[in-house]
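I opened the model today and kept notes as I went. Here they are, entry by entry, for you to follow along.

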Amino acid sequence: MRLRLPSRTEFQALCAGDGEFRLAARHWTGGFRLNIGAEKLTLVFRDGQPVADEGGCELIEYSGEEAVWERVLAATPERFHNDLMANVSVGGGITRSGSPVVHGQYYPAVMRAVELLRGNTSTTRVAEGSVDQDSFAEPRVSPARFDTPVGRYVHLDLAGHDHRLYFEEAGQGIPLLLQHTAGCHGSQWRHLFEVPGITGRFHLIAYDLPCHGKSVPPATRNWWAEPYALKGDFLRSVPLQLAAALELDRPVFMGCSVGGLLALDLAHRHPDRFRAVVSVEGALKIEGNLEQLQELWHPQISNEYKARLMEGLMSPASPAAFRKETSWVYSAGWPPVFLGDLHYYLNDFDLRRAAGEINTTRVGVHILSGEYDYSGTAELGRAAHEAIPGSTWREMKGVGHFPMSENPAAFMEHLLPVLDAIANGSG
């Protein structure tokens with residue numbers, strides 16, 4: 001075996017000595033086992049405390065050949081091997097067994113244990129402190145006490161109900177609407193507001209969808225007694241109504257994930273309402289089955305599971321503080337909203353037959369795809385570009401599903417050329 005696996009006692013001590021792991025494993029009575037080829041690493045807990053005796057405890061297991069685990073446990077794992085569920089989702093060689101509920105409850109602990117193993121199994125481990133810490137710095141225009149954006153509310157009539165929609169804005173010039181990802185809110189775009197090269201030419205407007213962030217549900221319907229599912233007609237109406245209320249003249253629209261699909265949807269259905277769209281993590285169709293994702297909204301599984309899954313969509317090279325902030329936003333959302341947003345993402349949206357109808361002489365189309373995104377993959381982004389004549393596409397190496405929030409400095413390198421083209425009238 002080429003991997004240098006710790007003994008069970010060493011593994012137990014490694015995890016017990018880590019604050020993040022201890023918090024994630026709190027109250028756990030049960031355990032997990034990593035089947036690494038012929039070797040097994042097992043941890044068992046009683047009320048969150050590690051114990052030596054398995055004593056018939058229920059285990060969740062993750063299994064794969066040693067060659068697969070070598071890729072998973074590399075100091076800097078490659079795309080789709082940076083996270084167990086990423087690997088499982090793409091058929092990368094890891095399989096999962098055991099209770100889906102327990103998996104959802106304690107996946108954050110399992111993945112933290114895997115991260116800790118990466119520092120104990122590889123001879124190519126990056127030494128502590130060897131990463132250039134300047135790359136972790138938050139971009140700011142000055143040490144001022146106040147950030148640039150100002151927030152306020154606007155009332156929009158959406159689907160026959162009054163919605164009090166929250167948005168933040170800053171900058172001047174070409175209006176640029178910013179749509180967040182599923183289950184999230186507009187804070188994902190906060191870094192763009194502090195870049196003078198953007199705000200000097202663009203009027204940024206980042207809004208929270210209804211039932212997200214500070215946009216509370218409407219007071220005129222019993223939303224608490226209805227299943228939540230984001231539908232295409234409703235979603236498309238939000239930027240259209242917001243642009244009309246703010247009297248925006250053919251704004252640019254940029255969205256990520258759900259917002260990235262919406263960008264292409266708007267380019268197809270409403271090309272004369274927007275001068276350009278930027279589809280971050282976009283595709284013509286995302287395959288998936290909502291029935292197999294019910295762990296995302298289960299009364300015995302907290303929002304921590306969603307947060308940890310989102311970390312698996314990001315690049316391990318992105319700054320840890322920004323990755324954790326991005327996942328924190330998911331942990332703070334209304335519990336049903338992420339799964340409900342996926343109705344549009346997986347069920348409603350499909351441009352495979354209509355993509356060729358998008359006229360890029362009427363609306364510019366730009367697609368940006370993160371290398372580590374295992375949902376809206378770079379391959380899907382490229383396929384969308386090839387199906388839309390006149391569009392542009394670029395793979396963003398070293399970032400994942402949330403480039404604007406997980407690694408804003410890297411995102412700017414890819415975004416600024418697109419914004420330059422739009423500002424110059426060539427995009």
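**Entry 1: a charge over a ring.** I looked for an arginine over a ring and found R164 over the face of Y153, 3.6 Å from the ring centre. My test asks for NZ of Lys or CZ of Arg within 6 Å of the ring centre and within 35 degrees of the ring normal. A word on the ground rules: this is a predicted model, where local features need pLDDT of at least 70 and side-chain atom pairs count only at pLDDT 80 or more, while totals for chains, interfaces and linings use all residues. Residues are numbered from 1 along each chain as its sequence is written, and side-chain values use heavy atoms, with hydrogens and water left out.

**Entry 2: ring pairs.** How many aromatic pairs does a search of the whole structure find? I got 14. Rings of Phe, Tyr and Trp (its six-membered ring) pair if their centres lie within 6.5 Å; planes under 30 degrees apart are stacked, over 60 edge-to-face, and the rest tilted. W223 and W334 make an edge-to-face pair, with 5.6 Å from centre to centre and 85 degrees between the planes. This pair links distant parts of the chain, 111 residues apart: W223 sits in the loop between β9 (202–207) and α7, and W334 in the loop between α10 (320–331) and α11 (337–348). My helices (H or I, at least four residues) and strands (E, at least two) are DSSP runs numbered from the N terminus.

I then checked accessibility, calling a residue buried under 20% relative accessible area, exposed over 50% and partly exposed in between (1.4 Å probe, protein chains only). W223 is partly exposed at 27%, and W334 is partly exposed at 29%. Next I noted Y330 and F338, whose ring centres are 5.4 Å apart with planes at 80 degrees, so this pair is edge-to-face. Both Y330 and F338 are buried. I also found a cluster joined by ring pairs, made of F11, F21, W28, F32, F45 and Y106.

**Entry 3: two helices.** At what angle do the axes of α7 and α8 cross? For helix α7 (residues 232–245) and helix α8 (residues 258–269) I read roughly 75 degrees, and the axes come within 11 Å. That makes α7 roughly perpendicular to α8. Axes are lines fitted to C-alpha atoms, for helices over the stretch in contact, with angles from 0 to 180 degrees between N-to-C directions. Under 35 degrees is roughly parallel, over 145 roughly antiparallel, 65 to 115 roughly perpendicular, and the rest oblique.

I listed the contacts too (heavy atoms within 4.5 Å). L235, R236 and P239 in α7 meet V258, L262, D265, L266 and R269 in α8.

Entry 4: T181 is in the loop between β8 (174–179) and α6 (196–199), and at 1% relative accessibility T181 is buried. Leaving out residues up to four places away in sequence, T181 touches Q188, C256, S257, Y330, F402 and M404.

Y345 belongs to helix α11 and is buried at 4%.

L117 lies in helix α5 (residues 100–121), buried at 0%. Among the residues that L117 touches are P6, F11 and L34.
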